[in-house]
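Trainee: I am new to this structure and would like a close look at a single part, the place where the two chains meet. Could you take me through it carefully, and then through what surrounds it?

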Amino acid sequence: MSEKGNRIGYLFVLPAILYMLALIGYPLIYNIILSFKDVNLMNMATNDSHFIGWKNYSDLFKNHVFWISLKNTFIYTIGSVFFQFLIGFLLALFFNLKFRFAPVLRGILMVSWLIPLTITALLFKFMMGDESGIINQILEALGIVHHPIEWLTNPHVALWAVIIANIWVGIPFNMILLSTGLSSLPDEVYESASLDGANAFQKFFYITVPLLRPVIMVVMILGFIYTFKVFDLVYVMTGGGPINATEVLSTYSYTLSFTQFHFSLGAAVANILFVILFIISLIYLRMIQKDEVM
Amino acid sequence: MTRSKQWILSIIGILIVLVFLFPVYWMFITSIKTQGEIFQTPPTFWPHHLYGKSYTDILSSGVTRNVINSFLISLVSTAIVVVLAVPSAYGLARFRISGMKFFILFFLVTQMLPPTVILTPLFIVFSKLGILNTYIGPILASATLGIPFSVLVLRTYFLGIPKELEDAAQIDGCNRFTAFVRIMLPIAFPGIIVSAAISFLFSWGDLIYSLTFNRNQELWPLTASIYNAIGRYGIQWNSLMAFASITVLPVFILFILLQKHLVKGLTAGAIK
């Protein structure tokens with residue numbers, strides 16, 4: 001391509017890049033600088049903040065709420081990803097049976113993924129009410145539990161309550177990606193396996209799973225990335241409570257920055273969140289680069 | 001597949017959908033129940049008394065204002081996304097520019113970034129620029145959700161359009177820009193609509209940016225206002241669910257209008 005073509009190409013590409021650099025790239029670097037300073041509501045306006053080195057980070061490492069939120073973030077993410085993958089996979093297999101309404105029904109399930117997370121959170125908060133919540137009512141009517149579960153008020157249960165809501169959001173995403181993968185598998189392999197006398201289970205574990213491995217990895221890692229950074233769902237459902245039981249890195253960072261106005265501490269938590277995600281993203285990028293020409 | 005097996009599978013499929021989407025049904029049904037019926041045991045699975053007062057209540061409490069704000073923020077940010085992402089996607093699909101691989105990577109990474117990371121810096125920057133408590137902050141910030149997604153989806157879309165079409169246009173006297181505007185944009189229009197719709201939904205669902213950059217409740221979109229209402233309405237779930245129903249209505253309308261394309265677009269954007 002000529003020099004001129006190159007230049008015209010930049011004219012098309014650059015405006016979006018510059019916009020993203022201004023609103024994402026610059027804040028990202030600013031956030032790193034911020035985490036090494038002592039900016040709070042008082043000195044933000046007057047500009048007399050100072051560099052304090054790694055103090056924010058060492059303060060965090062001494063703070064048990066930070067460790068709780070780190071642990072919660074991992075439990076939340078792994079719990080969500082595991083179950084939404086499992087259920088999503090089962091649904092993908094089911095809707096892959098070629099019956100007439102399968103594509104339409106599968107499409108309708110996507111609704112749960114499109115609803116604003118604030119609304120989903122509110123909905124589950126309502127359904128998970130102690131006495132009158134519909135989930136407890138149904139569980140009691142079916143005889144599964146005898147006392148209402150304190151979904152959002154019991155510190156031992158609350159994290160799982162939020163995970164359940166997140167699973168509901170994530171199932172269609174897993175299902176659709178796995179469906180796309182399933183429909184791309186060659187029929188011939190299954191036919192010859194049938195001729196060799198393989199049953200459905202053998203076909204699933206010896207053909208489907210190995211052939212689908214790249215898709216499975218991508219779905220899981222993407223699920224991890226999108227769940228790890230979740231804010232709205234937790235913030236609206238529990239606000240991190242009761243007693244930090246559902247505090248995750250994103251809500252903890254938000255509370256530090258915008259409730260306590262320790263901007264630098266909040267920035268440091270956000271950076272830790274970012275570093276973990278960045279490492280996962282790199283693994284993901286390596287994986288998809290092997291699959292397709294970028 | 002036999003006919004009866006077809007039927008059995010269809011019925012199971014419908015049951016799965018009904019169970020899975022029960023929360024959405026429950027939201028709407030609660031919004032037209034009386035407060036007494038909501039707390040009745042055993043619960044009623046359809047309202048015995050139709051009750052529309054929750055809707056008139058929240059309408060008179062100024063929800064129209066929030067609807068307008070939501071549309072304003074989402075539409076303007078979608079416009080920014082389209083204006084920036086469409087040419088960028090085209091450029092990345094058609095020109096062999098140096099650094100292209102890096103640019104694509106850049107969009108991929110920004111798409112995965114947690115909003116929390118840019119929240120505090122943007123708050124400080126916006127406050128220094130004096131644009132806190134205006135529409136500008138949420139609009140600018142929520143456009144960053146749609147841009148990388150749209151660039152990546154539309155680049156694939158442009159790659160699928162035969163290059164000969166443009167070459168023909170250039171022979172007929174178009175330059176690269178007029179060929180882009182007159183030939184490529186109309187062909188890519190369906191793809192642009194879908195990515196615009198998805199960007200709209202991203203902005204429509206945003207809570208964190210409006211909550212952080214706007215302390216002025218007059219300027220809040222539905223999401224921020226409903227978050228605030230949780231405390232105000234307490235256990236008046238019919239009002240809250242009416243609020244929620246109004247918020248998801250545009251989402252459902254977009255979904256019904258664009259169903260198949262929306263699903264395809266979302267999956268394309270998620271992988272690429």
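Mentor: Let us begin with a term that we shall need, for a salt bridge here is a side-chain nitrogen of Lys or Arg within 4 Å of a carboxyl oxygen of Asp or Glu. With that rule, a search of the whole structure, which is a predicted model, finds three salt bridges over all chains, whereas the count between chain B and chain A is zero.

The meeting of the chains can be described in residues and in area. On the side of chain B, 102 residues are in contact with 91 residues of chain A, and between them the two chains bury about 8,900 Å², of which 81% is on carbon and sulfur atoms. Of the area that chain B buries against chain A, B:F20, B:M112 and B:T116 supply 8%, more than any other three residues. Helix α12 of chain B, residues 237-271, gives the largest share of the side that touches chain A, with 16 residues. Sorted by class, that side of chain B has 74 nonpolar, 21 polar and seven charged residues. Although salt bridges between the chains number zero, the interface does hold 12 residue pairs in polar contact, with both residues at pLDDT 80 or more.

Aromatic rings also belong to this picture, and the count comes to 52 aromatic pairs over all chains. One of them is formed by A:F12 and B:F180, an edge-to-face pair with 5.0 Å from centre to centre and 80° between the planes. This pair crosses between chains, since A:F12 lies in helix α1 of chain A (residues 3-35) and B:F180 lies in helix α9 of chain B (residues 176-204). A:F12 counts as buried because its relative accessibility is 4%, and B:F180 is also buried, at 7%.

The buried residues of α2(B) include B:F22, B:P23, B:V24 and B:W26. Another buried residue is B:I58, with a relative accessible area of 0%, and B:I58 lies in helix α4 of chain B, residues 53-94. Leaving aside neighbours within four places in sequence, B:I58 is in contact with B:V63, B:Y233, B:S239, B:A242, B:F243 and B:I246. Of these, B:F243 is 185 residues from B:I58 in sequence, yet the two are 7.1 Å apart in space, C-alpha to C-alpha.

In chain A, the side chains of A:D59 and A:K55 meet at 2.9 Å, N to O, and both residues lie in helix α3 (residues 55-62), four residues apart, about one turn of the helix. A:D59 is partly exposed at 29% relative accessibility, as is A:K55 at 43%. In chain B, B:K53 forms a salt bridge with B:D57, where the closest N and O atoms are 3.3 Å apart, and these residues both lie in helix α4, again four residues apart. B:K53 is partly exposed, with a relative accessible area of 44%, and B:D57 is partly exposed at 27%. B:K163 forms a salt bridge with B:D167, with 3.9 Å between the closest N and O atoms; B:K163 is partly exposed at 35%, and B:D167 is partly exposed at 33%.

Note on methods
Residues numbered from 1 in each chain as written. Chains lettered and ligands numbered in written order. Predicted model: local features only at pLDDT ≥ 70, side-chain atom pairs only at ≥ 80, totals over all residues. Heavy atoms only, no water. Contact = heavy atoms within 4.5 Å. Buried area = accessible area lost by both parts, 1.4 Å probe. Polar contact = N/O pair within 3.5 Å; in protein donor to acceptor, adjacent residues only side chain to side chain. Helix = DSSP H or I, 4+ residues; strand = E, 2+ residues; numbered from the N terminus. Nonpolar A, V, L, I, M, F, W, Y, C, P; charged D, E, K, R; others polar. Buried < 20%, exposed > 50% of the residue type's maximum accessible area, 1.4 Å probe, protein only. Phe/Tyr/Trp six-rings, centres within 6.5 Å; stacked < 30°, edge-to-face > 60°.
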